[in-house]
Amino acid sequence: MPRSEAQNEAIRAATRDKLQAAAITLFTRKGFAATSVGDIAGAAGVSVGLLYRHYRTKEDLFGDLVEQAATGLERVAAMFRTEAPADELILAFATEFLDDIAAGGATLEFYLLLQQAVLKGPDDARIEALLDRHRELHGETVRLIERGQRDGTFRPGPADALADLFYAALGGLAQLRLIRGDRFSGPSPELLTTFLIKEPS
């Protein structure tokens, strides 16, 4: 019995997922330039020909991953724009980030993919859009910190510099998780944000 269109689409989606998972791992570990189409196909367990049925070029695959990363940044920025207490929002994001990188989840790979996009340069509109989303998230983080400072839950200090410090800490933890693997022992969300959030009086 021939497969239904729904079954065919499920197979195509599963293949794309394998290609994307292999590509993001290779791009973040070897770099975009050093990763070949054959590397990606081999890591995904598919033929190069099958890869080309889904993506015309390595750049198209990279662009697809970049679009997904941009969507993730938009989600966090939207969360930071809500009216929930500032300390709860930053702790929720820190918790999600730490839990995911500890599990070796997508956050780790996508965070490092952002670095590859910066190194590759804004020669693609999708990469420029990703960098725009990151700038927007940084701006929302600055506004969130300023709101927390006004309501007395965040420590005083230049909000822009505190936001930079926060994301530098996240980036460093992502790199350390990649280096140490299962030996990684990350901080608690409370420890990660101790320079931002005041201790309850």
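This is a predicted model: local features need pLDDT of at least 70, side-chain atom pairs count only at pLDDT 80 or more; totals for chains, interfaces and linings use all residues.
Q: Okay, let's look at pairs of helices. At what angle do the axes of H5 and H8 cross?
A: The axes of helix H5, which covers residues 86-102, and helix H8, which covers residues 159-180, cross at roughly 15° and come within 10 Å. Because angles under 35 degrees count as roughly parallel, H5 is roughly parallel to H8. The crossing of these two helices, H5 and H8, is right-handed.

Q: Which residues meet there, between H5 and H8?
A: On the H5 side they are Ile90, Phe93, Phe97, Leu98, Ile101 and Ala102, and on the H8 side they are Phe166, Tyr167, Leu170, Leu173, Ala174 and Arg177. Sorted by class, the residues of this contact of H5 with H8 are 11 nonpolar, no polar and one charged.

Q: H7 meets H8 as well, so how do the axes of H7 and H8 cross?
A: The axes of H7 and H8 come within 9 Å and cross at roughly 120°, and that angle makes H7 oblique to H8. The handedness of the crossing in which H7 passes H8 is right-handed.

Q: Which residues of H7 and H8 meet?
A: From H7 there are Leu137, His138, Thr141, Val142, Ile145, Glu146 and Gln149, and they meet Ala159, Asp160, Leu162, Ala163, Asp164 and Tyr167 in H8. The contact of H7 with H8 has seven nonpolar, three polar and three charged residues. Tyr167 of H8 is listed in the contact with H5, and Tyr167 is also listed in the contact with H7.

Q: What about H4 and H7, how do their axes cross?
A: The axes of H4 and H7 come within 9 Å and cross at roughly 15°, and H4 and H7 are therefore roughly parallel to each other. The crossing of H4 and H7 is left-handed, and the residues of their contact divide into 12 nonpolar, three polar and nine charged.

Q: Changing topic, how much space lies in the largest pocket?
A: About 350 Å³ of space lies in the largest pocket.

Q: Which residues lie nearest its centre, and how many line the largest pocket?
A: The lining of the largest pocket is made by 17 residues, and those nearest its centre are Gly72, Leu73, Val76, Thr107 and Phe110. The elements that give two or more residues to this lining are helix H4 (58-80), H5, helix H6 (106-120) and helix H7 (125-150).

Q: Which helix gives the largest share of that lining?
A: H4 does, with six residues in the lining of the largest pocket.

Q: Last one, how do the residues of the lining divide into nonpolar, polar and charged?
A: The lining of the largest pocket has 11 nonpolar, four polar and two charged residues.

Conventions. Residues are numbered from 1 along each chain as its sequence is written. Side-chain values use heavy atoms; hydrogens and water are left out. Axes are lines fitted to C-alpha atoms, for helices over the stretch in contact, and angles run from 0 to 180 degrees between N-to-C directions. Helices (H or I, at least four residues) and strands (E, at least two) are DSSP runs, numbered from the N terminus. Angles under 35 degrees count as roughly parallel, over 145 as roughly antiparallel, 65 to 115 as roughly perpendicular and the rest as oblique. A crossing is left-handed if the near helix is turned anticlockwise from the far one by less than a right angle, and right-handed if clockwise. Contact means heavy atoms within 4.5 Å. Ala, Val, Leu, Ile, Met, Phe, Trp, Tyr, Cys and Pro count as nonpolar, Asp, Glu, Lys and Arg as charged, and the others, Gly among them, as polar. On a 1 Å grid over the protein atoms alone, a cavity is a set of points where a 1.4 Å probe fits but cannot get out, and a pocket is an open set with protein on both sides within 12 Å along at least five of seven lines; lining residues have an atom within 4 Å of a point. Grid points are joined across faces, edges and corners, and a volume is the space filled by probe spheres set on the points.
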